[in-house]
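Here's a quick briefing on aromatic pairs, nonpolar cores and model confidence. Have a look at the structure first, then read on.

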Amino acid sequence: MDTDYQTLSPKQSRSSLPGVSKDDLTDSNKCTPVKPQKQNDLADDEADKDLDIRRARLLRQLKDHDKTVTFKKMLRMIGLKDRFDQFEKVTDGIFMSLVEQLPVFSSDKLVANSSRPSFKNAAAGAFDYSIAQSGESALVSLTKNLLSELKRIINTAANNNTPLKEFMDFSPRYRMIDHQKTKVAQSLHKPDLAFYFEGQWTMGFKVIGLVLEAKIDPTLSQIPDDTLGQLADYGNALWMAQPTRTFAPVLYLHGPYLELILFYRSGWYRVDLGNICLLSHTTDQTDLDDIHSRFQQLMFLTNLPLESFGHFCGVSELVTELFFAPRLISDASVAGDTVLNTAGTASLANSVCVEILSPMTLPISIYGRVGYLYHVVYSGKRAVLKMAWSPANRTPEGAVYDLLHRHHIKHVPKVYNRGILIENLDGYRLEYLVIEDCGQTIDAYLKSLSVGLDHGQVVRSVVEQVMECLASARAIGVLHRDISTGNIAVKNGVTSVIDWEYAKITDDSVDGASEIAELWGFSPKDVEYGFNDALTGTVAFMSISVLSLSSQRSVFDDIESLFYVILRVYSAKTHDGKEPVGFRFFDAAPFACARAACLGANNWREHFGFTCTNAGVVAILEAMYRFLFVQNGTYIGIRLFSEHGYERQHIDYESARSFMNKATIGVFNEADALADATMALQMTANDDNQPDHFFKKRKRNSAL
């Protein structure tokens, strides 16, 4: 085991202070790479710039992942039910004078209540509905004036109410800014209202706690698709800008009705807060009490500490250091021991300290797994911090690294520290890793090579190292399952396979697997692996079998992904700016069919836009092609597409020698011999009527 690799339990941590100047560590060309490849389709990177296309994509991601909950159930989910009960008691009745003077929402207009006097707000200006007001701007104006008056009332009451003052002492004191006509700084968004938790509103979504969008439509049942797409867009912007998020809250005012939308990694919740103005000129005390309760809810939410509502710790945009005090957290509790420090000097006892240099830009989705990467300094070393939300029923990435390092698998990054910050929040786990900086992505590295350098030799070296890693990992029962241009890094000639978050441990009996599972607090038997889900890889590099929804995975799928990686590095778009057919995504099955057809053509490289003329690179691709797609002189791409579970009957060692080193070929030889021996034993011991290929396919699959 490498001496730089710490064998600390994820339930523990150590304190250390960085000792390297940021000025000495700012070369972006020598960093573990940004990986902009987690996309629904190959065009999403450009399409994200188009508002309608982006929001349509968000709607697709959110489809069938919605739940409706009551306000009290939402409070129980985030552990604030008791605190709100106390807040209700200390604010009992204090907003009633305002409730009694609210306007009436009638026929899509706000009008004065004919049975009560209009309300005058000296601080916010006239709040007079003797002349009816209509449109979304009227709803926004109502909300602004209500919130201003509610804050004035509660601040006044706090001066004479000691229990209430204790609540207000922890208020984030949001600054409310109207963005109906102006974009949020550093963005293209114009939510009706944004609530800033810091005065530096020029930082945009980095310092916004929540946003509000108003629509005149008072429909209660279904949120229109265009509106939901807009709300999801705001939620996504919050997730993108704030890595400490546990959920992104958006207030939705439709007509007089206010809802709270919470975007979790597992989906989105609708929380009905009720009407914030009168619905009739004739009201009884029950109606007024209901609105008073809504105001209590609204003021409670907008006066919560950030670490209690939507974040797992205190938040500031100007972060210079992170102190992690990781511990396993059950249910939906908040990681209160995790602190963001802006001073950049003091450390916490029993904590992990990293100095933040700069963030890496990654695509962020509104649903499912998400990761944040930072260039950091850890214990005097340049490193990368990764914080990632992933399904709680998957194997933690840190556990996979533990197993790889226990067996001395080469070409994986060193891990300096790791742990779990949140064990299970609505089905998702928050994990952190501090890992070695492994250099540039393979595409950036190869494209940066100086003119005249033999790409063939360089590509062969990179491919051999990746193959050694994949084969050795598979020999101990680990499949990577997400080989892509972003997950292969090169630094000083050393290639590393990174991002093992989607990896599968196929053999829990391998040495150390049970100990590591116990260390991380999970049972291998409880881990779920879906084959047709977000954990199948990166679409541009998926194998034909995976794209055709085969439930079986083998190391050949990862090798096929590596084959597409090399093709992609040297590919070019068509003359009309489109992706070449071999990389043009339609849908999973059509894409698999098109890819299989392209590979079956004599000029298959042209269908992938391959432009490299280097004989060495071409030779490597041709050898990989024969290894993957030719059996006994016959092309098998169509069978890989049409026959789920199809297994290669032999390994082409002659072709393998062109892109594998001796150690890797030895691993394949050993696995092949094991498969044949096991097959022979089982054929002798079992019924002769059982098809011969059943054993061969099953055991070769388990061996390889």
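Rings of Phe, Tyr and Trp (its six-membered ring) pair if their centres lie within 6.5 Å; planes under 30 degrees apart count as stacked, over 60 as edge-to-face and the rest as tilted. By that rule, ring pairs join Phe563, Tyr564, Phe583, Trp604, Phe608, Tyr625, Phe629 and Tyr635 into a cluster. Bear in mind that this is a predicted model: local features need pLDDT of at least 70, side-chain atom pairs count only at pLDDT 80 or more, and totals for chains, interfaces and linings use all residues. Residues are numbered from 1 along each chain as its sequence is written, and side-chain values use heavy atoms, with hydrogens and water left out.

**Aromatic pairs**

- There are 23 aromatic pairs in the structure.
- Take Phe247 and Phe309: their ring centres are 5.3 Å apart and their planes sit at 80 degrees, so this pair is edge-to-face.
- Phe247 is in the loop between helix H8 (225-241) and strand E10 (248-254), and Phe309 in the loop between helix H9 (285-301) and strand E13 (321-324), so the pair ties together parts 62 residues apart in sequence. (Helices, H or I with at least four residues, and strands, E with at least two, are DSSP runs numbered from the N terminus.)
- Phe247 and Phe309 are both buried (under 20% relative accessible area; exposed is over 50%, partly exposed in between, with a 1.4 Å probe and protein chains only).
- Phe627 and Phe668 also pair edge-to-face, at 6.1 Å centre to centre with 90 degrees between the planes.

**Charges over rings**

- The charged end of Arg595 sits over the ring of Tyr564, 4.0 Å from its centre (CZ of Arg or NZ of Lys within 6 Å of the ring centre and within 35 degrees of the ring normal).
- Lys381 has its charged end over the ring of Tyr416, 5.2 Å from the centre.

**Nonpolar cores**

- The largest nonpolar core has 111 residues (buried Ala, Val, Leu, Ile, Met, Phe, Trp, Tyr and Cys joined through side-chain atoms within 4.5 Å).
- Helix H6 (residues 136-159) gives this core its largest share, eleven residues.
- A second, separate core of 94 residues includes Ile488, Ala517, Tyr570 and Trp604.

**Confidence**

- The protein chain averages a pLDDT of 81 (the predictor's confidence in each residue, from 0 to 100).
- pLDDT stays under 50 over residues 327-350.
- Where pLDDT is low, the predicted coordinates should not be read in detail.

Conventions. Contact means heavy atoms within 4.5 Å.
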